[in-house]
Amino acid sequence: MIGAVLTAPVLYAVMAQPLGAHWVPAVLLNHWVQLGLITPVMFYVGWPIHRTGWLALAHRSADMNSLITLGTLAAYGYSLLVTVASTALPAEVRDVYFEAVGVILTLIMLGRLLEARAKAGTGEAIRALLGLQARTARVLRDGTETEIPIDEVVVGDEILIRPGEKIPVDATVLSGQSAVDESMVTGESMPVTKHTGDTVIGATVNTTGSLRVRAAKVGADTMLAQIIRMVQQAQASRAPIQRLADAISAYFVPVVIAIAIATFAVWFVAGPTPTLTQALVSAVAVLIIACPCALGLATPLSIMVGTGKGARAGILIRSAEALETAHKLDTIVLDKTGTITAGKPALTGVYTTGAIAENELLMLVAAAEADSEHPIAGAVVAGARSRDISIPPVTAFNSITGKGVRATVAGLKVLVGTATLLNENGIDTAELEHISADLAAAGKTPILAAVDGHPAGVLAVADTVKDDSVAAIAALRKLGMQVVMITGDNARTAAAIARQVGVERVLAEVLPERKAGEIRRLQAEGRRVGMVGDGINDAPALAQADVGLAIGTGTDVAIEAADITLISGSLAGVVTAIRLSRATMRNIRQNLFFALIYNAIGIPLAAGVLYPLLGIRLSPMIAAGAMALSSLSVVGNANRLRRYRFEPLPSLRSSTIEPQVEIGAAQHEGVAGQA
């Protein structure tokens, strides 16, 4: 503002002078007045630029500030000489360039103000997340309900959360049921129903019911704190393409200084009179227009906007390098359990022999399994409850390890388990075997049931595919990715899941410790590999991949080993991350074009290549405007990335892809990773 106020009168005087004396007060044309107005601009407004520029020159590493310092100092020094010793100079070289000095420094500071605002704007996602934190929590201590500040909550505190309140910390539900809006953290718009035993994330909103939770993570350990920390780290890191821009600047500045010196020499020796003035003005114009400010802004601004955009979509990018590398991926490896599938068994079907109704069979089996702690038993019980089937008590219960259970339910003797168990009890399973075989071929676990000594039916339990896995995999293939599934399951089960979701290539029967070797094998094929996983056993593979993407609902070890974390746990986040990377890199390339095109055109014009033919020269003031326009173009284009919209996934529920199944090579070779 100071630069603008002091420069405006001088600029007005110079621009209006050709219109006639009555347009300009004589005092503004006085060189001493102009010197008095512009000197504070030169040494106060421009001080941050000059200080950095001279320090760079002192360390023999000239930068963009050095160009500005040399150019404005040359223009100011020459104008000062004309003002102080005008009578000692010929009349034809008594022009002053105070207005150029003021305009150049003011425009540059304006550009830096806009840059600073743009950078500050990239922190909007972080500030928004910080603003979502609850300020207080209602805790139960010694049987008394007390409202305390959020920073006084400790791990283990029991917290009461009413409808409409924010959840203060990451916690585990002790009692109650409610739909929780997690959109501000996961990017998912639909509320998630929480039951006893589920985890809730701090800063999300409890919508419908009351919850009593136990604090699990507080302060810097909460998911929100981790989000903020990872976004800050990513915005502070440098992408490889940014290092390229820095390297260009390191060579560019000395070359420009050499061009400016050569320009001065040519104009001084062969230029029109007054040769000293013409040479000085041309050299200053070269120094000013060549200033690579925009080159320094091109990459970091886009990276900051891109990572902030990702954070708002539930994608945490650990580093700028990960954001850049993601756009080069051509292969995505998906862990099956917990990534493509939900990671826990669920009841998928009930098939009866006709002797008993479907729901009645499910009721009897669920009752028999109700006292079992086996995950498959839990899936059957949960399936019955989801159908609103009332589960009666059992009067006798016996668990047969590795085979199944025997129970008496409502006076009926129920036997549930494997075909071996039923056969050992004299029950013929022939009519159930074809159902079991079909289910097993589809990758499901068959549970055989008999009632009062007669075969009654088969229940199917499977690790179900996540709702959007099919659509996400289809979207990845549309992006040109080869999608590979890696799993420890047998080839038949793996093929069934792959066929269902549309995966082209399957690596089956891969031991957990061999997953990283399979990633190396794919990389040896010349592929850029992204690995998506959620478990501890995925951590080495995530670290080995070119880009590791961790499902946010997985283990802390996997998240720590990954480059990108998908908070929602959905594969849709992988699609979004790759699209965001491609959009960001496209934006950076556009920025580099804007940064360099002005220099490519402007430097020859400033040096005067068109003067012999057309008599066209570029004044330092116009050069400063072009340089500022270059920076403004980059800032504006980077901010355009904020308006980028992610395409919705296609609505797909099934696939017709026939997968190619391979038994994990790294498992059978002496050296992991060799085909």
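Trainee: What makes Tyr12, Leu19 and Trp23 a nonpolar surface patch?

Mentor: Together those three residues make a patch of about 330 Å². Patches are made of residues with over 30% relative accessible area and no salt bridge, with like charges joined within 9 Å and nonpolar side chains (Val, Leu, Ile, Met, Phe, Trp, Tyr) within 5 Å. A salt bridge is a side-chain nitrogen of Lys or Arg within 4 Å of a carboxyl oxygen of Asp or Glu. Areas come from the Shrake-Rupley method with a 1.4 Å probe, and for residues only the protein chains shown count as cover. By the way, this is a predicted model, where local features need pLDDT of at least 70 and side-chain atom pairs pLDDT 80 or more, while totals for chains, interfaces and linings use all residues. Residues are numbered from 1 along each chain as its sequence is written, and side-chain values use heavy atoms, leaving out hydrogens and water.

Trainee: Why does Tyr12 count as partly exposed?

Mentor: Buried means under 20% relative accessible area, exposed means over 50%, and partly exposed is in between (1.4 Å probe, protein chains only). Tyr12 has 39%, so it's partly exposed. Tyr12 lies in helix H1, where Gly3, Leu6, Thr7, Val10, Ala13 and Ala16 are buried.

Trainee: Where does H1 kink?

Mentor: At Ala8, by about 35°, shortly before the proline Pro9. The bend is the angle between axes fitted to the seven residues ending there and the seven starting there. H3 has a kink too, about 30° at Ile38, shortly before Pro40.

Trainee: Why is Val575 called buried?

Mentor: Its relative accessible area is 1%, so Val575 is buried. Val575 lies in helix H24.

Trainee: And Asp157, buried or exposed?

Mentor: Asp157 counts as buried, because its relative accessibility is 7%. You'll find Asp157 in the loop between strands E2 and E3, and its side chain reaches the backbone nitrogen of Val154 at 3.1 Å.

Notes
Helices (H or I, at least four residues) and strands (E, at least two) are DSSP runs, numbered from the N terminus. A polar contact is a pair of N or O atoms within 3.5 Å; within protein, one must be able to donate a hydrogen and the other to accept it, and residues adjacent in sequence count only if both atoms are side-chain atoms.
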